[in-house]
2 protein chains.
Amino acid sequence: MLPVISISREFGSGGHSIASKVAEELGVPFYDSEIVNRVARESGYAKDVIERKGEDSTGDAWWFDISSPSAQYFQSPQDEIFLIQQKVILECAGKGPCVIVGRCSDYILKEAEIRNLSVLIHADMEHRIARILNRYGEIQNVDVKKRILKKDKQRRTYYKYYTDQTWGDYPNYDLSLDSGKLGEDLCVKTIVETAKVFPY
Amino acid sequence: MLPVISISREFGSGGHSIASKVAEELGVPFYDSEIVNRVARESGYAKDVIERKGEDSTGDAWWFDISSPSAQYFQSPQDEIFLIQQKVILECAGKGPCVIVGRCSDYILKEAEIRNLSVLIHADMEHRIARILNRYGEIQNVDVKKRILKKDKQRRTYYKYYTDQTWGDYPNYDLSLDSGKLGEDLCVKTIVETAKVFPY
């Protein structure tokens with residue numbers, strides 16, 4: 001049987017697009033906006049808050065923020081969102097083979113001892129900048145490299161806080177691919193072929 | 001055309017055996033003992049010294065050791081071996097597609113701008129211990145885990161000294177594989193298939 005596939009990715013590495021194509025080729029669900037929708041529904045927070053606080057340490061002093069719409073005033077909104085998101089991820093994974101992107105899913109699935117192919121997609125700065133410019137075009141007064149470095153830092157801080165592990169450390173992944181060097185298609189093919197015969 | 005393939009590996013991960021099979025399947029040279037032989041010939045050091053000092057920081061005070069058989073008294077033996085080994089690796093790679101294991105070859109090939117598929121093979125401690133016991137059997141009074149941790153440390157120190165990079169950092173590799181989770185055969189297949197279509 002196919003495993004649950006968690007895909008961690010650097011911002012601008014094309015990991016999201018790769019994950020979506022892997023799910024399509026394998027004919028399994030791709031959980032991304034559905035996780036955001038469900039966490040929004042269960043927590044009461046708006047979707048854009050879930051997107052912002054569900055993967056990145058956003059730098060605002062969320063640990064002092066007690067404007068929680070639920071009654072759990074002793075939990076920060078970020079902690080609250082993390083716990084609901086964790087529950088939603090485990091529920092999705094419990095339904096059978098699927099692809100889940102980011103959100104500490106590699107860690108959450110491993111801790112829950114769910115059979116999981118853990119994948120990392122990364123690329124060098126040059127490829128990431130080119131990809132973002134290609135996708136979003138030039139944005140006035142935005143230094144794309146600075147934006148990428150900030151996003152990296154936010155995701156690493158978030159990951160460290162909730163997993164006590166370092167994002168990107170090779171023991172956390174069964175398969176790591178440089179999408180800048182290998183190209184998107186070869187990354188999709190390698191993950192699909194590995195998932196099909198994943199022996200673990 | 002096939003790229004030069006450099007395979008970095010954790011001690012006990014089966015990376016050496018995987019590298020040898022990849023070379024066999026692709027029908028390209030596997031440079032391992034030949035590098036040791038050539039460095040021994042060119043440097044005047046014995047093969048066991050090359051093996052010991054050509055990849056590991058062995059912890060002996062080699063930087064004070066001036067017993068060099070060559071006349072380069074102002075270079076440590078380890079530096080001398082590194083430089084000759086670097087030259088030999090580049091000569092091997094210059095002959096065409098091949099597989100080279102360890103010895104900072106990922107860094108050396110990248111610095112020389114040689115088209116190179118850089119691979120990392122790793123495994124969790126449990127699999128590494130099992131593999132070493134299976135290969136060498138129990139050795140009286142040897143704590144295998146301690147031996148693995150020491151070897152890791154020696155290789156990391158050596159790598160850091162000569163490359164100023166951290167061994168295992170994901171940006172150094174195009175493809176990283178957990179041989180404990182994927183198994184040796186799937187690692188071989190993935191590297192072979194990737195090398196065949198490596199677009200970079």
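The following questions and answers concern a predicted model of two chains, A and B.

Me: Which strands stand at the edges of the open sheet?
Reply: Ten strands form this open sheet, with mixed pairing, in the order E2(A)-E3(A)-E1(A)-E4(A)-E5(A)-E5(B)-E4(B)-E1(B)-E3(B)-E2(B). A strand at the edge has a single partner strand, so one of its sides is left without a neighbour in the sheet. The strands in that position are E2 (30-31) of chain A and E2 (30-31) of chain B.

Me: Which residue of E3(A) does A:Ile5 stand opposite?
Reply: Strand E1 of chain A covers residues 4-9, and strand E3 of chain A covers residues 99-101. The two pair in the parallel sense over three bridges. In E3(A), the residue opposite A:Ile5 is A:Val99.

Me: Which C-alpha of chain A is nearest the axis that relates the chains?
Reply: Chain A is superposed on chain B by a rotation of 180 degrees with 0.0 Å of shift along the axis, at an RMSD of 0.0 Å. That is the relation of a two-fold axis. At 2.4 Å from the axis, the nearest C-alpha in chain A belongs to A:Ser176.

Me: What percentage of the contact residues of chain A recur in chain B?
Reply: The same surface serves both copies. The share of chain A contact residues that recur in chain B is therefore 100%.

Me: Is B:Asn172 buried or exposed?
Reply: B:Asn172 is found in the loop between helix H7 (144-163) and strand E5 (175-178) of chain B. Leaving aside residues up to four places away in sequence, B:Asn172 touches B:Asp106, B:Ser118, B:Tyr159, B:Gln165 and B:Thr166. Its relative accessibility is 15%, and the cut-off for burial is under 20%. B:Asn172 therefore counts as buried.

Me: How far apart are the end C-alpha atoms of helix H4 of chain B?
Reply: Helix H4 of chain B has 18 residues, 77-94, and at 1.5 Å a residue should span 26 Å. The buried residues of H4(B) include B:Ile81, B:Phe82, B:Ile84 and B:Val88, and the helix is followed by B:Gly96, whose phi is positive, near 130 degrees.

Me: Which residues lie nearest the centre of the largest pocket?
Reply: The largest pocket has a volume of about 790 Å³. Helices H1 (15-26), H2 (33-43), H3 (47-53), H6 (125-136) and H7 (144-163) of chain A each supply at least two residues of its lining. Of the 30 lining residues, those nearest the centre are A:Arg9, A:Phe11, A:Tyr136, A:Lys151 and A:Arg155.

Key. Residues numbered from 1 in each chain as written. Chains lettered and ligands numbered in written order. Predicted model: local features only at pLDDT ≥ 70, side-chain atom pairs only at ≥ 80, totals over all residues. Heavy atoms only, no water. Pairing = 2+ DSSP bridges. Helix = DSSP H or I, 4+ residues; strand = E, 2+ residues; numbered from the N terminus. Buried < 20%, exposed > 50% of the residue type's maximum accessible area, 1.4 Å probe, protein only. Contact = heavy atoms within 4.5 Å. Least-squares fit on C-alpha atoms with pLDDT ≥ 70 in both. Expected span 1.5 Å × (residues − 1). 1 Å grid on protein atoms, 1.4 Å probe; cavity = no way out; pocket = protein on both sides within 12 Å on 5 of 7 lines; lining within 4 Å. Points joined across faces, edges and corners; volume = space filled by probe spheres on them.
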